[in-house]
Amino acid sequence: MRAVVWITEGTWEACVDQAAAFLPPDAEVTLLHVAPSDVEEFAARGPARLLGRHPPPPPPGEPPLRAIADEEAEALLADALARFGRPAQTVPRRGRIEREVVAACAGADLVVLARDGEPRLGPKSLGKHTRFALDHVPCQVLLVWPEPPPGIETIPPPPGHH
Amino acid sequence: MSEAVALIVLAASLVAAIARPRWAPDWAVAAAGVALLLATGILSLHGARSAVNELGPTVGFLAALLVLADGCRRAGMFDALGAAMALGSRGRPARLLAMVFLVAAVTTAVLSLDATVVLLTPIVFATAARLRVNPRPDVYACSHLANSASLLLPVSNLTNLLAFQATGLSFTRFGGLMLLPWLVALLVEWLVLRRSFADDLRGPARSTRVAERPELPWFALAVVALALVGFGLSALIGIAPAWIAAGGALVLVLRERVPPAEIARAAQPTFLVFVLALGIVVHAASQHGLSSAVADVIPHGTTLPVLLAVAGISAVLANLVNNLPATLIILPVAVSSGTGQVLAMLVGVNIGPNLTYVGSLATLLWRRIAHAHDQETDVGEFTRLGLRTVPLALASSTLALWLALQVL
C-alpha cells in the first residue's frame, strides 16, 4: 500500500498520529508538505509595486524569503518524521497548494488529511484547500479531526428548523 | 497642440514607471520630457522654476525620510519588531495578525508606506513562517495597511507630503484631522481581514520554538520618537519638519557609521529625480488644460456629499494611473477648494490603491501582459479582498473626516 500523509502547519500532529494508528506496518508512506509560493513572491515583489521607487536590495547576508520558507518546510517535515517513528519518505513541494496535493496523490492508494476549519460537524469543518483536495484526490481518503471529534450535538439543524 | 504634447509626455513618464524598461528608466524619461517641454516652449523657464521651488522642499523631505527609515533598518529596528511580534503573538495566528496590524499601522504612519512595504513586509513573512503560521493574512495585512494606514501624518505617504506642503497646514493639525479617518480605516481593515482569513487564523500555537526577547534598538527608537515630537512642535519652534527629519536622519547615519555612497543609495536619487520631473510635467499639463478638465469633474465645497465624491474620484484616478500622479493632478484643483477637499482627496488616493493587486489598473494590465504565464500569483484573491475593504473604508473614513472637520 502506498499512502500520502499531508502535513500542514496547523494539523500535522493529528495526521501523523492517525497515520501511525491506521496504516499497515508495511505501507510505503510519503510525508508531503506544500508551501504556497505566491505569498513569498507577493512579499518580495512589494517594492516593484511602488511607482518610481528603486530601493537598494536587501543586504547580501539576509536569506531570501524562499530560503526561509524552504528551511521551515524541511524542519516541519523532520518533526513529522520523528513523531511518525517509522520509515517514510519526506516530500516538500511548492505551488498552488490544492493542486499540488492532488498531483502528489497520483499513484497512491490512500491519502491522510485533516479537517482544518471550524471545530464542529458540518461542511465548514473543511478549509477551501482541504475541500478541494478531498473532492479531487484520485485515491481513498482518511479524513482526520485535528482535535477529538466534536459531539453529535454540534450538527447543524435541518433546513428550515429553528 | 501643446495640450497634446504635455499629455503625451506625462503618459510616456507613467508608462516608463509602470513597465520599467531597462533601456528607458522612468526618471530619465520624465527628465527628458521636462527638457522637451522646455525646448518646445510649452513650459516656460519661469514656470519650471516655480514648480521646482514648490516641489523642492517636498523632495528634500522625502530624501530625509528615506534615509531615516534606512537608518532604522541598519540599527536593527525591523528585526527587533519581528522578534517582538513573535513574542507578543505567543505563537497564535490570530494574535500574530493583531501584532502585525499594530506594528504595520505605526510603521506606516511614522516611517511611511515605503518602510512597511520594503522593510517590514519581508520581516513579517519570516516571522510568520518561523512560527509555523500561514503568512498570507499577515503579508496581506502589511500590503493593505501600507496604503490605508498612511492617512495619519504628512510623513506617512508621499501623497500626504505633497498635500502638506501645498496646503500649509501645520503637522499637528494635519494629524489631528486625519486621526479619526485613520482609526476608522484601520477598524474596517481589521474586521474584514479577520473575517476573510478566519480559516487561517484559527487554532493554537504551532511552533515549539521559544520566542527570543528582542534587543530593542533604543537609540534609533529615541531618534524617531524625538523626530515625531519635533514634527509636532515644528510650527511652534519655527523649524520646518523637513529639517527635523534631516536632523534625525543625520544622527542615525552618524551613529550607524553609514558610508556616504550607501546614504546616497538609501535616498534613492533616481526616485527623487522622478518625483521632481513628474511634478514639473504634471504642472505643465495642468497649465495646458488638464487642471480645467479636472476642475470640471471635481465638485466644489466641503459638504459630506462633495467630500465623498472627491474621495471616490481620487480613488478611481489612483486606480487608473497610480496614486502619485493622481495626487499631482488633483491637488492644484483641490487646494483651491480648501483643506477639507485636499484631505478627502488623500483618503481616496491612499486607500484606493488597495483595490488592485499592484496599486493601479495600468500596472495590473501591464503585469498581466508581461507575466501572462505567471500563474503563481493569486490576483483574484487580492482583488476580492480589495473589493471588500476599499469601498467601505473609503466611505467610512471620509465620513470620519467630515466629522473631524466639523469638530476641530
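Which residues in α3(B) meet which residues in α5(B)? Before selecting them, note that this is a predicted model, in which local features need pLDDT of at least 70 and side-chain atom pairs count only at pLDDT 80 or more, while totals for chains, interfaces and linings use all residues. Residues are numbered from 1 along each chain as its sequence is written, and chains are lettered from A and ligands numbered from 1 in the order in which they are written.

**First stop: α3 and α5 of chain B**

Select residues 45-74 of chain B for helix α3 and residues 93-130 of chain B for helix α5; helices (H or I, at least four residues) and strands (E, at least two) are DSSP runs, numbered from the N terminus. On the α3(B) side you will find Leu65(B), Leu66(B), Ala69(B), Cys72(B) and Arg73(B), which meet Leu111(B), Ser112(B), Asp114(B), Ala115(B) and Leu119(B) of α5(B). Here two residues are in contact if their C-beta atoms, placed from the backbone, lie within 7 Å. Sorted by class, this contact of α3(B) with α5(B) holds seven nonpolar, one polar and two charged residues, where Ala, Val, Leu, Ile, Met, Phe, Trp, Tyr, Cys and Pro count as nonpolar, Asp, Glu, Lys and Arg as charged, and the others, Gly among them, as polar.

The two helices pack at an angle of about 40 degrees, with their axes 9 Å apart; axes are lines fitted to C-alpha atoms, for helices over the stretch in contact, and angles run from 0 to 180 degrees between N-to-C directions. That angle makes α3(B) oblique to α5(B), given that angles under 35 degrees count as roughly parallel, over 145 as roughly antiparallel, 65 to 115 as roughly perpendicular and the rest as oblique.

**Second stop: two further helix pairs in chain B**

Move to α1 (residues 2-19) and α2 (residues 26-39) of chain B, whose axes come within 8 Å and cross at roughly 170 degrees. The pair α1(B) and α2(B) is therefore roughly antiparallel. From α1(B) the contact includes Ala6(B), Val9(B) and Ala12(B), and from α2(B) it includes Asp26(B), Val29(B) and Gly33(B). By class, the residues of the contact of α1(B) with α2(B) are nine nonpolar, two polar and one charged.

Next select α14 (residues 304-321) and α16 (residues 339-351) of chain B, which pack at an angle of about 40 degrees with their axes 7 Å apart, and which are therefore oblique to each other. Among the residues making this contact are Leu307(B), Val310(B) and Gly312(B) of α14(B), together with Gly340(B), Ala344(B) and Gly348(B) of α16(B). The contact of α14(B) with α16(B) divides into eleven nonpolar, five polar and no charged residues.

Show both chains, and 35 residues of chain B are in contact with 29 residues of chain A. On the chain B side, α5, α6 (136-148), α12 (260-266) and α13 (269-297) each supply at least two residues, and α5(B) gives the most, with nine. The side of chain B that touches chain A comprises 16 nonpolar, nine polar and ten charged residues.

Chain A has five helices and five strands, which run β-α-β-α-α-β-α-β-α-β from the N terminus on. Its C-alpha trace spans about 55 × 50 × 25 Å along its principal axes. Of the 162 residues in chain A, 40% are buried; a residue is buried if 20 or more other C-beta atoms lie within 10 Å of its own, exposed if 12 or fewer, and partly exposed in between, with C-beta atoms placed from the backbone.

The largest nonpolar core has 193 residues, and those with the most contacts inside it are Val5(A), Cys15(A), Val100(B) and Val281(B). Such a core is a set of buried Ala, Val, Leu, Ile, Met, Phe, Trp, Tyr and Cys residues joined through C-beta atoms within 7 Å. Helix α5 of chain B gives the most to this core, with 23 residues. Centre the view on Cys15(A), which, leaving aside neighbours within four places in sequence, is in contact with residues including Val5(A), Trp6(A), Val112(A) and Val144(A).

**Last stop: two single residues**

Is Pro123(A) buried or exposed? Pro123(A), in the loop between β4 (110-114) and α5 (128-136) of chain A, is exposed, with 9 other C-beta atoms within 10 Å. Val184(B), in helix α8 (residues 171-196) of chain B, is buried, with 23 other C-beta atoms within 10 Å. Leaving aside neighbours within four places in sequence, Val184(B) is in contact with Ser396(B), Ser397(B) and Ala400(B).
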